[in-house]
Amino acid sequence: MDRALSAGRRMDVLDIKALLITALIFVPIERLFALRPGQKILRKAFFNDLIYALFNGVPINLGLVAAVTLATSTVGHIIPDYVGSAVSSQPVWLQVLEIIIVADIGLYWAHRAFHAIPFLWRFHVIHHSIEELDWLAAHRVHPVDQVLTKSASLVPVYLMGFSSPAIVLFALIFHVHAILLHSNVRLNIGPLRWLVASPQFHHWHHAHERAAYDKNFAGQLSFIDALFGTMHLPGETVPERYGVDDPVPPTYVEQLAYPLIPKGKTNEAPFTGDT
């Protein structure tokens, strides 16, 4: 557990070097294979989302470490040592596949909860307030949202005793995949889209269109949505627009405070549960 926890401490800290490398990879890809060619690199709210990318990792990492530490020091004692030994002795590639499945099932249900429960939605709406999707948009997530969602997906992974190399490799795959899902890229993966989450799949999750509300919750495995009846992939089409009607403020500090401000103070319409 200690080795896995040590790996987890490094998972969400995104430094300037990593951000520059990500930009050098994804900006050219978005230019070459743009879903929306007219969208600017320095699009609306670009610098606001840059702040998220630079500073969000610290509170998220601290919250996740706290959640994992609490879980391993309490529930962790119930799990026999031989479980962790058996799990961590598997080939790393097999562990990574298993982690993807375990983590995405947890993420799916946590994600659904953030859409279904009004109090949680006020944190998650920050992410859905994005009106132009690209590689940087993936970082606009309220820290409370990320800590709770990642805890739901990763605490079981730590408790089961997966090895540190497998967790680190999974973290890298998940991070790159999350950026790809939000990127301004037209990518056709054919029938695989019913198995693996694609940019089209996740763009529909962000769609400001009633038919797409509360759909496509999975982070990596789209077939989970198919199993639970929440998949929305209409042919090869993509949404016309993104965002929400909620009065989400435009700046980083205001967005951090928004979920905690009483609804009457924000002139917010009543929650309808269909966003």
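Biologist: What should I know about the numbering and the model?
Modeller: Residues are numbered from 1 along each chain as its sequence is written, and side-chain values use heavy atoms, with hydrogens and water left out. The model is predicted: totals for chains, interfaces and linings use all residues, side-chain atom pairs count only at pLDDT 80 or more, and local features need pLDDT of at least 70.

Biologist: How are the axes of α6 and α8 arranged, roughly parallel or roughly antiparallel?
Modeller: Helices here are DSSP runs (H or I, at least four residues), numbered from the N terminus. Axes are lines fitted to C-alpha atoms over the stretch in contact, with angles from 0 to 180 degrees between N-to-C directions. Those of α6 (residues 92-116) and α8 (residues 143-160) come within 9 Å and cross at roughly 150°. Angles under 35 degrees count as roughly parallel, over 145 as roughly antiparallel, 65 to 115 as roughly perpendicular and the rest as oblique, so α6 and α8 are roughly antiparallel.

Biologist: How many residues of the contact of α6 with α8 are charged?
Modeller: Contact means heavy atoms within 4.5 Å. Residues of α6 including Ile 99, Gly 106 and Phe 114 meet residues of α8 including Asp 145, Leu 148 and Met 160. Ala, Val, Leu, Ile, Met, Phe, Trp, Tyr, Cys and Pro count as nonpolar, Asp, Glu, Lys and Arg as charged, and the others, Gly among them, as polar. The contact holds twelve nonpolar residues, three polar and, charged, one.

Biologist: How does α6 lie relative to α7?
Modeller: The α6 axis and that of α7 (residues 118-128) come within 6 Å. They cross at roughly 105°. That makes the pair roughly perpendicular.

Biologist: Which residue's side chain joins that of Tyr 108 in a polar contact?
Modeller: Tyr 108 is found in α6. At 0% relative accessibility it counts as buried (under 20%; exposed is over 50%, partly exposed in between, with a 1.4 Å probe and protein chains only). A polar contact is a pair of N or O atoms within 3.5 Å; within protein, one must be able to donate a hydrogen and the other to accept it, and residues adjacent in sequence count only if both atoms are side-chain atoms. At 2.8 Å, the partner is Thr 230.

Biologist: Is His 206 buried or exposed?
Modeller: His 206 lies in the loop between α10 (199-205) and α11 (223-227). Its side chain makes a polar contact of 3.2 Å with that of His 202. At 1% relative accessibility, His 206 counts as buried.

Notes
Helix = DSSP H or I, 4+ residues; strand = E, 2+ residues; numbered from the N terminus.
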